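Please consult the sequence and the structure shown here alongside the text.

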Amino acid sequence: MNQLPDLPNIDPERLDLPTAAKLEPVGDLDHPPRILMLYGSLRERSFSRFLTFEAARILEHFGAEVKIFDPAELPMAGSVPEKHPKVAE
């Protein structure tokens with residue numbers, strides 16, 4: 001596992017492989033890990049949405065604080081002016 005796969009588009013000097021020491025928290029944390037999750041479909045029954053909610057359940061099981069961004073109320077790109085309240089929000 002020490003050998004890198006063939007990645008011709010990646011400079012190996014810039015590919016920083018994670019180690020347990022690098023994943024140690026810096027300083028004292030007084031809250032669980034906070035994770036914002038996004039999905040890329042507006043359909044009610046999409047695999048992207050289902051996968052996001054299932055991943056959130058697993059992360060919460062491990063103690064993370066998870067929020068899922070719901071894009072349903074956002075206007076479609078180019079459908080409203082840039083000063084629309086939801087775009088500004």
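## Basis and overview

The model is predicted. A search of the whole structure finds three salt bridges. Side chains of opposite charge can pair when their charged atoms come close.

## Arg-34 and Glu-65: a link between strands

Arg-34 and Glu-65 form a salt bridge through their side chains, with an N to O distance of 3.7 Å. Arg-34 belongs to strand 1 (residues 34-38) and Glu-65 to strand 2 (residues 65-69), so this pair ties together parts that are 31 residues apart in sequence.

The two partners fall into separate accessibility classes. Arg-34 has a relative accessible area of 56% and is exposed, whereas Glu-65, at 35%, counts as partly exposed.

## Arg-57 and Glu-54: a pair within helix 1

A salt bridge also joins the side chains of Arg-57 and Glu-54, at 3.1 Å from N to O. Both residues lie in helix 1, which spans residues 47-61. They are three residues apart, about one turn of the helix.

Arg-57 is exposed, its relative accessible area being 55%. Glu-54 is partly exposed, with a value of 36%.

## Arg-14 and Asp-11

The remaining salt bridge to be described is that of Arg-14 with Asp-11, where the closest N and O atoms are 3.7 Å apart. Arg-14 has a relative accessible area of 72%; because the threshold for the exposed class is over 50%, Arg-14 is classed as exposed. Asp-11 has a relative accessibility of 37% and counts as partly exposed.

Ser-41 is located in the loop between strand 1 and helix 1. Strand 1 is the element that contains Arg-34, and helix 1 holds Arg-57 and Glu-54. Is Ser-41 buried or exposed? The relative accessible area of Ser-41 is 10%; since buried means under 20%, Ser-41 is buried.

A polar atom of the Ser-41 side chain lies 3.1 Å from the backbone nitrogen of Arg-43. Leaving aside residues up to four places away in sequence, Ser-41 touches Ser-46, Ser-48 and Pro-71.

Methods:
Residues are numbered from 1 along each chain as its sequence is written. This is a predicted model: local features need pLDDT of at least 70, side-chain atom pairs count only at pLDDT 80 or more; totals for chains, interfaces and linings use all residues. Side-chain values use heavy atoms; hydrogens and water are left out. A salt bridge is a side-chain nitrogen of Lys or Arg within 4 Å of a carboxyl oxygen of Asp or Glu. Buried means under 20% relative accessible area, exposed over 50%, partly exposed in between (1.4 Å probe, protein chains only). Helices (H or I, at least four residues) and strands (E, at least two) are DSSP runs, numbered from the N terminus. A polar contact is a pair of N or O atoms within 3.5 Å; within protein, one must be able to donate a hydrogen and the other to accept it, and residues adjacent in sequence count only if both atoms are side-chain atoms. Contact means heavy atoms within 4.5 Å.
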